[in-house]
Protein chains: 4
Amino acid sequence: MEASTEKRVKDSFSRQTAMKTIGASITRVEQGAVTIELPFRSDLTQQNGFLHAGVVTMIIDTACGYAALTRMPDSTTVLSAEYKVNFLSPAEGEKLIARGRVIKPGRTLTVCYGEVYAQKDGAEKLVATMMATMISRKETGLED
Amino acid sequence: MEASTEKRVKDSFSRQTAMKTIGASITRVEQGAVTIELPFRSDLTQQNGFLHAGVVTMIIDTACGYAALTRMPDSTTVLSAEYKVNFLSPAEGEKLIARGRVIKPGRTLTVCYGEVYAQKDGAEKLVATMMATMISRKETGLED
Amino acid sequence: MEASTEKRVKDSFSRQTAMKTIGASITRVEQGAVTIELPFRSDLTQQNGFLHAGVVTMIIDTACGYAALTRMPDSTTVLSAEYKVNFLSPAEGEKLIARGRVIKPGRTLTVCYGEVYAQKDGAEKLVATMMATMISRKETGLED
Amino acid sequence: MEASTEKRVKDSFSRQTAMKTIGASITRVEQGAVTIELPFRSDLTQQNGFLHAGVVTMIIDTACGYAALTRMPDSTTVLSAEYKVNFLSPAEGEKLIARGRVIKPGRTLTVCYGEVYAQKDGAEKLVATMMATMISRKETGLED
């Protein structure tokens with residue numbers, strides 16, 4: 001992977017104010033694979049004190065999206081066309097680790113698979129899986 | 001719908017710290033249908049300045065979950081088992097309105113459909129749709 | 001809707017040998033909406049004697065795909081990019097009726113929603129719902 | 001895995017008349033993983049001569065369902081609660097191979113992941129991926 005690709009992903013991530021607001025960081029960028037981490041925060045929970053399913057979705061969506069971007073040409077941006085998430089265990093522990101990777105790159109559509117793990121007492125537990133379709137758009141014209 | 005059902009939903013919503021953090025409020029509770037609203041905030045965006053897909057997901061997940069809860073017995077809590085979201089238009093404008101409703105109630109699983117609209121200059125535009133499976137759990141034991 | 005659109009859809013349907021094999025027919029073509037019907041057949045069941053979930057999927061996939069095609073330009077063909085199905089009731093009765101409709105048309109991607117009903121003793125019961133992304137391709141080049 | 005589990009899966013598969021109708025066979029049963037194969041047949045295609053997306057879905061649904069059944073107690077049957085499929089390449093070649101496996105077993109719900117490969121000229125190509133929720137039911141009472 002070219003160094004410019006990692007820079008492009010990190011620059012785009014830094015413009016995602018939502019990631020800063022929840023305290024997520026991008027910890028790994030590889031060709032076709034990106035990792036996002038989120039320390040547990042008690043102001044991001046649902047009614048039982050677990051991290052909200054939508055928050056879990058936010059970080060794995062972002063990991064999958066940027067995994068897709070590493071396979072797209074310069075001068076494109078990436079948008080989520082659709083995704084599906086299955087929730088397997090409560091999102092609790094010290095932090096969440098979201099790993100997204102490209103299953104099938106394409107000129108327009110890129111299909112990704114992602115997993116979110118909860119790190120608790122040194123062990124990792126699978127919390128959620130995502131299957132997503134990402135779409136590439138020219139920076140200068142997002143509309144279809 | 002009994003008044004106690006609305007109270008149960010609103011009490012549970014008030015325990016969702018994630019909803020308070022993003023500034024969402026619950027504006028309507030009916031039998032099998034719930035509406036959540038989120039004013040636009042520039043600290044919840046993705047790289048192009050639209051509201052983050054995961055934030056859109058958070059509010060429609062919550063609307064669908066509580067729509068399901070209105071059909072569940074007292075002394076249960078609701079969790080998202082899985083959902084799928086299609087993104088149709090950029091999430092921009094003054095505010096988002098997420099409407100979730102029950103398609104099929106069940107003793108264990110409740111299937112819901114939801115839509116998110118962006119309100120901009122007085123008009124509403126469909127931003128995203130969700131199909132979700134919600135699961136009921138006894139308050140006192142969340143594990144499967 | 002132009003008459004040529006209905007003809008285009010029906011011509012394409014008639015080339016779907018899979019539809020003939022299971023005995024499905026196209027019973028309605030409107031702008032953005034298509035209906036497919038399938039009489040119950042005991043050679044299309046799963047282990048409990050209900051119509052196989054995959055057979056239910058076949059007809060609603062086809063209904064959604066052709067609903068999308070009614071909104072696409074001539075000289076294009078339609079392919080399923082992805083879909084999600086929720087199964088709500090056993091697929092039993094005299095026949096299944098699958099109704100697909102366009103939620104959001106687009107130049108490349110068209111998002112559809114579909115429902116399958118089982119007709120039994122004169123009543124209709126909702127069996128399954130689909131949310132699908134259909135993609136348009138030039139007739140002469142299917143590859144991405 | 002106990003021998004009785006493989007027998008239970010194969011007995012149930014043999015009652016799926018839909019699998020016989022399309023010519024699919026079950027070629028491997030392991031603890032938490034099942035393989036189904038389908039030779040290409042020109043009477044199972046869509047309008048471009050590829051195997052119909054719904055047919056692809058039928059075999060991976062069945063593979064995922066029986067993968068789940070290997071992890072369920074005796075005296076239960078398995079039903080598809082919901083699934084999502086992404087289509088990555090045209091389903092063409094000599095035969096399709098569908099491999100389903102359990103990601104997360106559960107007392108009521110079991111989440112599975114599946115892949116369908118097309119075998120063509122000795123090579124395998126990924127055609128589709130599935131993420132599915134399977135539900136266990138007592139043999140004697142399917143209703144929720």
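Guide: Let's start at one end, where β1(D) and β2(D), residues 33-39, pair antiparallel over 5 bridges; two strands count as paired if DSSP finds at least two bridges between them. Strands here are DSSP runs (E, at least two residues), helices are runs of H or I of at least four, and both are numbered from the N terminus. Within that pair, E30(D) stands opposite A33(D) of β2(D).

A word on bookkeeping: this is a predicted model, so local features need pLDDT of at least 70 and side-chain atom pairs count only at pLDDT 80 or more, while totals for chains, interfaces and linings use all residues. Residues are numbered from 1 along each chain as its sequence is written, with chains lettered from A and ligands numbered from 1 in the order in which they are written.

Now for what lies against the sheet. Helix α1 of chain D (residues 3-14) packs on it, touching β1 and β2 of chain D; contact means C-beta atoms, placed from the backbone, within 7 Å. The direction of α1(D) makes about 160° with that of β1(D). For such angles, axes are lines fitted to C-alpha atoms (for helices, over the stretch in contact), and values run from 0 to 180 degrees between N-to-C directions.

Zooming out, the whole thing is an open sheet of 12 strands with antiparallel pairing, running β1(C)-β2(C)-β4(C)-β5(C)-β6(C)-β3(C)-β3(D)-β6(D)-β5(D)-β4(D)-β2(D)-β1(D). Its edge strands are β1 (25-30) of chain C and β1 (25-30) of chain D, each pairing on one side only. From one strand to the next, the twist averages 25°.

Notes: Contact = placed C-beta atoms within 7 Å.
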